[in-house]
Amino acid sequence: MAIAHRGASAYAPDNTLRAFELSADLGADMWEVDIQVSRDGIPVVCHDADLAAVAGRPERLDHFAASELVRMDTRSGEPIPLFADVVDLANLKGAALYLDVKDLGAAEATLAILQDRKFEKAIFGTTDPDFCRQLKGRGCPYPISILIGLGKNAFALADMSGADIIHPCWERAGDRPDRLLNAEFFDKASARSLPIVTWHEERPDVARALCEMPVLGICSDTPELLKPYREIFPDAPLVVCHRGANVIAPENTLIAANAVFAAGYDFVELDVRKTADGTLAVIHDRTVDRTTNGSGAVADLTTSELLKLDAGSWHSPHFAGTRIPLLTDMIACAKFWSSQLYIEIKDADPKAVVALVKAADFRDNCFFWSFDTDNMRIIRDHHPDAKLMARLEDYASLEKCLQDLRPSIVEFNTSNADANDFARVRSAGGRVMVAYMGNDPGIMKNMLNLQPDMVNINDTIGWRKIVSSQ
């Protein structure tokens with residue numbers, strides 16, 4: 001199971017309804033939820049016993065009534081949720097819950113809500129063997145997991161607590177904590193009939209290794225990492241993500257690109273502009289006004305000035321401090337994930353763009369396009385091996401489109417997509433891409449039924465739901 005650690009906490013404030021709802025959209029099977037109890041005995045969702053982190057207040061959470069907590073101003077702008085509301089959302093989304101309750105009073109109040117709502121898919125977790133025994137002694141009807149810190153004897157704690165599941169919390173045990181889960185560890189767990197849940201993991205190599213092990217679940221701030229599109233749907237069209245995963249993160253940023261690659265999609269589409277001192281920056285608009293806290297034209301700002309801007313707060317306070325990336329940053333990100341880029345040249349020297357790509361040894365992993373056809377012809381004339389895209393809508397006929405720039409990819413839209421034209425593109429050695437920037441499920445279903453080689457989309461979450469339904 002993919003267990004969203006406090007929800008999809010990479011993209012939304014942790015332990016909020018927004019984070020839990022987003023984690024469901026990203027494929028999480030289960031949500032890890034931290035539970036405290038208010039002054040009036042009502043379970044609320046918050047990690048810490050005090051309000052310093054969530055609301056910038058030094059007071060203890062249990063000094064406040066639940067009605068005060070849910071109305072409290074928080075640093076993120078997202079309210080502290082009642083646990084009952086999280087249960088209702090989980091019921092709606094079909095998610096299971098992994099519950100970190102902090103004391104016996106919170107556990108009893110939590111159990112009352114679960115049983116009142118006839119919620120069956122839950123696991124209780126604790127670091128305290130005595131608390132685990134107390135829960136079991138009181139007849140807790142849900143499995144109980146013992147969370148095990150670094151340096152602790154996992155099986156001694158499991159035996160002492162009587163837990164049903166063991167959960168090593170070993171994310172800080174070096175670069176490859178997965179290697180601590182060796183054959184001997186699994187043999188001991190198997191002898192005790194103990195399933196294993198692992199720590200929250202966001203490193204792709206470690207997550208990949210854990211996914212190959214006989215574990216019940218893996219926690220992650222980025223649950224999409226554990227359910228990659230390309231592995232689950234190997235025969236589905238390649239996915240180009242317009243400006244990155246811009247529905248869940250600020251467009252044309254590294255976090256939006258990482259979200260695409262973590263989810264197992266194939267390409268990030270990005271826009272390139274030249275700064276006043278000649279650096280190639282990734283930003284869509286001519287000015288920085290819409291997507292940053294600054295103002296002015298990109299071409300009039302130096303690299304240093306551009307990198308000081310906040311390119312995340314406009315999307316959500318959660319992304320405050322996110323920076324505009326350079327093209328070199330995005331190439332490094334794609335190389336880290338062994339993935340690919342679609343580079344749209346907005347306002348930059350096309351020769352310089354391709355030269356940078358070649359210098360990074362990345363030319364086989366990207367393709368280019370520009371509204372300015374002169375840019376495209378310059379690339380074709382000076383770099384005949386570069387991969388270019390052409391849009392059918394920019395030509396009078398498909399023949400002229402194929403002849404003009406000898407494109408590697410021909411992009412259709414949802415109005416001009418035609419199976420016969422697809423065959424002609426493929427006969428000419430090209431690939432077919434269909435672009436759609438909307439979120440209509442019917443249109444996306446029709447796109448999938450056309451069986452293009454690639455899709456260029458804005459709504460990755462909606463697209464995955466369509467592919468999953470087929």
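## Classes and ground rules

In sorting lining residues, Ala, Val, Leu, Ile, Met, Phe, Trp, Tyr, Cys and Pro go down as nonpolar, Asp, Glu, Lys and Arg as charged, and the others, Gly among them, as polar. With those classes, the lining of the largest pocket comes out as ten nonpolar, four polar and five charged residues.

Keep in mind that this is a predicted model, where local features need pLDDT of at least 70, side-chain atom pairs count only at pLDDT 80 or more, and totals for chains, interfaces and linings use all residues. Residues are numbered from 1 along each chain as its sequence is written, and side-chain values use heavy atoms, with hydrogens and water left out.

## The largest pocket

A pocket here is an open set of points on a 1 Å grid over the protein atoms alone, with protein on both sides within 12 Å along at least five of seven lines; a cavity is a set where a 1.4 Å probe fits but cannot get out, and lining residues have an atom within 4 Å of a point. Points are joined across faces, edges and corners, and a volume is the space filled by probe spheres set on them.

The largest pocket holds about 360 Å³ of space. It has 19 lining residues, and R208, P228, E231, F261 and G264 are the closest to its centre. Two or more lining residues come from each of α9 (204-211), α10 (229-232) and α11, with α9 giving the largest share at four. Helices (H or I, at least four residues) and strands (E, at least two) are DSSP runs, numbered from the N terminus.

## Helix α11 and its cover

Helix α11 spans residues 254-262, and A256, A257, A259, V260, F261 and A262 are buried in it. Buried means under 20% relative accessible area, exposed over 50%, and partly exposed in between (1.4 Å probe, protein chains only). The cover over these buried residues includes β10 (238-242), β11 (267-274), α13 (327-336) and β13 (340-347). Just past the helix, G264 has a positive phi of about 85°.

Among the covering strands, β11 is itself mostly covered, with seven of its eight residues buried. β10 and β11 pair in the parallel sense over three bridges, and V240 sits opposite F267 in β11. Pairing takes at least two DSSP bridges between the strands.

## Two cavities

How many cavities of 30 Å³ or more does a search of the whole structure find? There are two. The largest has about 110 Å³ of space, and its lining is D25, L26, E224, A245, I248, A259, V260, A263, Y265, T460, I461 and R464.

## A look at S161

S161 belongs to helix α7 (residues 154-161). S161 counts as buried because its relative accessibility is 1%. Its side chain reaches the backbone oxygen of A158 at 3.3 Å. Leaving out residues up to four places away in sequence, S161 touches P129, C132, R133, K136 and I146, where contact means heavy atoms within 4.5 Å.

Conventions
A polar contact is a pair of N or O atoms within 3.5 Å; within protein, one must be able to donate a hydrogen and the other to accept it, and residues adjacent in sequence count only if both atoms are side-chain atoms.
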